[in-house]
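Please walk through the structure shown here, going from a surface loop to the core, then to charged pairs and a pocket.

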Amino acid sequence: TLHAHGELVKTHQVSYSVGCSGQYLLHVGLRQKEAALPGSPFKVDVKPGPAHAPSTQLPPESLPLQSIVGQSGSFTVRLRDKSGNLCIEGGAPLRVTLNTPACVVNLVDNEDGSYLIKWQGETAGTFKLSITLNSAHIKGSPTPLTLSAAGPEMSRCELLGDGLRRAVAGKAASLTVRCRDAYGNE
C-alpha cells in the first residue's frame, strides 16, 4: 500500500509515451525511497502504429519512374506510421492508380509493411501514377511515369518521300525513315 496525498491507495496508474518503435526496458520505482519496484525494469516491445500517408514517401532512389514499353517496371514503397517508424505488417488500405488504361499497374502486399508496385504497358508516353493511403496521397504522389518506345522493329518501320521514286545523278535526294517499335510507338 502506497501513500498518496494522505490517502491509502493500493494501485497507481503509470502513463508513458514512446515515439520510436523498438524494444525497451521500462524502469519503475518510488521516487521518495529511490527504490525500484519488484520486477523492474520491465521489457516493453513498442510496435509501429498504423500506416500514415503524410509520413510515407516515394523512394527517392526509384524516381523518376520510367521503363520501356513491353517491359515491366517496379519499385517498393515502405509505409511509415505517424511518428515516422517503418511499419512491420501488411494490410494497409493502400491504393495505386494510373491515369491511362494503356498501362496496367499492380500492387503486391509483402505483408511486412512494404508494397511492390509493378506496371507494364504498350503505349509510349508520360502518365500520372497516384498512391493513396486512406484516400490521402503519400509524399511525392502523384508522380510522372514515363514509358519509352522500345527499339525499332523493322517490319513496322517505313520509308517515305520522293527520294524513293526518283533521283537525279549528282543531286541530293531525300527520304524520311519513320521507325516504330513492335507496338507501333514512334
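V14 is exposed, because its relative accessibility is 53%, where exposed means over 50% relative accessible area, buried under 20% and partly exposed in between (1.4 Å probe, protein chains only). The residue sits in the loop that joins β2 (7-9) to β3 (22-26); strands (E, at least two residues) and helices (H or I, at least four) are DSSP runs, numbered from the N terminus. From V14 to V28 the C-alpha to C-alpha distance is 8.8 Å, with the two residues 14 apart in sequence.

The model is predicted, so local features need pLDDT of at least 70 and side-chain atom pairs count only at pLDDT 80 or more, while totals for chains, interfaces and linings use all residues. Residues are numbered from 1 along each chain as its sequence is written, and side-chain values use heavy atoms, with hydrogens and water left out.

In soluble globular proteins, nonpolar side chains tend to be buried together. Here the largest nonpolar core has 23 residues, and F75, L129 and I131 touch the most other members. Such a core is a set of buried Ala, Val, Leu, Ile, Met, Phe, Trp, Tyr and Cys residues joined through side-chain atoms within 4.5 Å. At least two residues of this core come from each of β8 (73-78), β9 (94-98), β11 (114-121), β12 (125-133) and β14 (143-148). The largest share, 4 residues, is supplied by β12.

Contact means heavy atoms within 4.5 Å. Apart from its neighbours within four places in sequence, F75 is in contact with L58, P59, S62, L65, Y115, L116, I117, W119, L129 and I131.

Strand β12 also holds S130. This serine counts as buried because its relative accessibility is 11%. Leaving out neighbours within four places in sequence, the contacts of S130 are R95, V96, T97, H137, S141 and P142.

Side chains of opposite charge can pair when their charged atoms come close. A salt bridge is taken as a side-chain nitrogen of Lys or Arg within 4 Å of a carboxyl oxygen of Asp or Glu, and the whole structure has 5 of them. One joins D45 and K47, at 3.7 Å from N to O. D45 is partly exposed at 48% relative accessibility, whereas K47 is exposed at 54%. In another, the closest N and O atoms of R165 and D162 are 3.8 Å apart. Here R165 is exposed, at 68% relative accessibility, and D162 is partly exposed, at 49%.

R178 pairs with E186, with 3.7 Å between the closest N and O atoms. The arginine, R178, has a relative accessible area of 30% and is therefore partly exposed; E186, at 62%, is exposed. Both belong to a network of salt bridges that links E158, R178, R180 and E186.

What lines the second largest pocket? Its lining is made of 13 residues, with G49, P50, A51, C87 and E89 nearest the centre. On a 1 Å grid over the protein atoms alone, a pocket is an open set of points where a 1.4 Å probe fits, with protein on both sides within 12 Å along at least five of seven lines; lining residues have an atom within 4 Å of a point. The space in this pocket is about 180 Å³, the volume being that filled by probe spheres set on grid points joined across faces, edges and corners. By class, the lining has 8 nonpolar, 3 polar and 2 charged residues; Ala, Val, Leu, Ile, Met, Phe, Trp, Tyr, Cys and Pro count as nonpolar, Asp, Glu, Lys and Arg as charged, and the others, Gly among them, as polar.
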